[in-house]
Amino acid sequence: MAEIVYPPVIGAARTLFRALDLKIRVEGAERIPRTGGAVLVSNHISYLDFIFAGLAALPAKRLVRFMAKKEVFDHRISGPLMRGMHHIPVDRAAGAAAFGAALKSLKAGEIVGVFAEATISQSFTIKEIKNGAVRMAVGAKVPMIPIALWGTQRLWTKGHPRKLLQRHVPITIIVGEPLHAKRGDDYDAVTVDLRERMSALLDRAQRTYPEIPPGAWWQPRHLGGTAPTPEEAEKMDAAEAEARAARRKS
């Protein structure tokens, strides 16, 4: 497919990151296949995660087609960019269409990016995930590649002011070993394995991060930060879901 929009967007982003002197560290980029389809499964802690997760594939000269909520495609500015980069819109009320589009891309040899937690984790730990990524990988006969991002939440995340021009922020991107699932496997068991791998990668990213200040809002509670616990974050997510449902009915 024609790539008119994606390369310039990447170039602009990398220029901005250099200007801001973001300390981006990518580990395990050699695990991204240079050819063929794959499902890149990332944690989700920031509204900018798709940009940084995509950086992991650049050494392999690959572009990632991310699955993102339909509202992003409806926006007058982000919409044309998302469509121009051939990302995949997800309508939560009609998920089958997005699943089919992702499967088609995978079978065509594309890398599809998935945020399996569906929404941003406000506890900055890995939330429960569904087996959609596993079903896609099995359906297309491609590997899943877990990835952990850390530091992106300091730039822009849910419930906190945007700090897009903050300078010198370290960003850690760790790519894990590919996970191969096949028909006949217990998809839920594979999903548990996938989540455990993602959690281990995220824990390594957090514990090796250059800055670990006590009491920081962007640190998880178990590492001395003041982010909500997973239990508190789950209640916050439930309240937000109820509020959205109420708005739709009104």
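**Close-up views of a predicted model**

**View 1. Ring pairs link F50, F66 and F115 into a cluster.** This is a predicted model, where local features need pLDDT of at least 70 and side-chain atom pairs count only at pLDDT 80 or more, while totals for chains, interfaces and linings use all residues. Residues are numbered from 1 along each chain as its sequence is written, and side-chain values use heavy atoms, with hydrogens and water left out. Rings of Phe, Tyr and Trp (its six-membered ring) pair here if their centres lie within 6.5 Å; planes under 30 degrees apart count as stacked, over 60 as edge-to-face and the rest as tilted. The structure holds 7 such aromatic pairs. One of them is stacked: F66 and F115, at 5.7 Å centre to centre with 10° between the planes. F66 belongs to strand β3 (residues 64-69) and F115 to strand β5 (residues 111-115), so this pair ties together parts 49 residues apart in sequence. Helices (H or I, at least four residues) and strands (E, at least two) are DSSP runs, numbered from the N terminus. Both F66 and F115 are buried, with buried meaning under 20% relative accessible area, exposed over 50% and partly exposed in between (1.4 Å probe, protein chains only).

View 2. F124 and W150 are each buried.

View 3. Strand β1 (residues 23-27) pairs with β7 in the parallel sense over 5 bridges; strands pair if DSSP finds at least two bridges between them. E27 has I174 as its bridge partner in β7. Strands β6 and β7 run antiparallel and are joined by 4 bridges, and W150 has T172 as its partner in β7.

**View 4. A charge over a ring.** The charged end of R162 sits over the ring of W156, 5.0 Å from its centre. The criterion is NZ of Lys or CZ of Arg within 6 Å of the ring centre and within 35 degrees of the ring normal.
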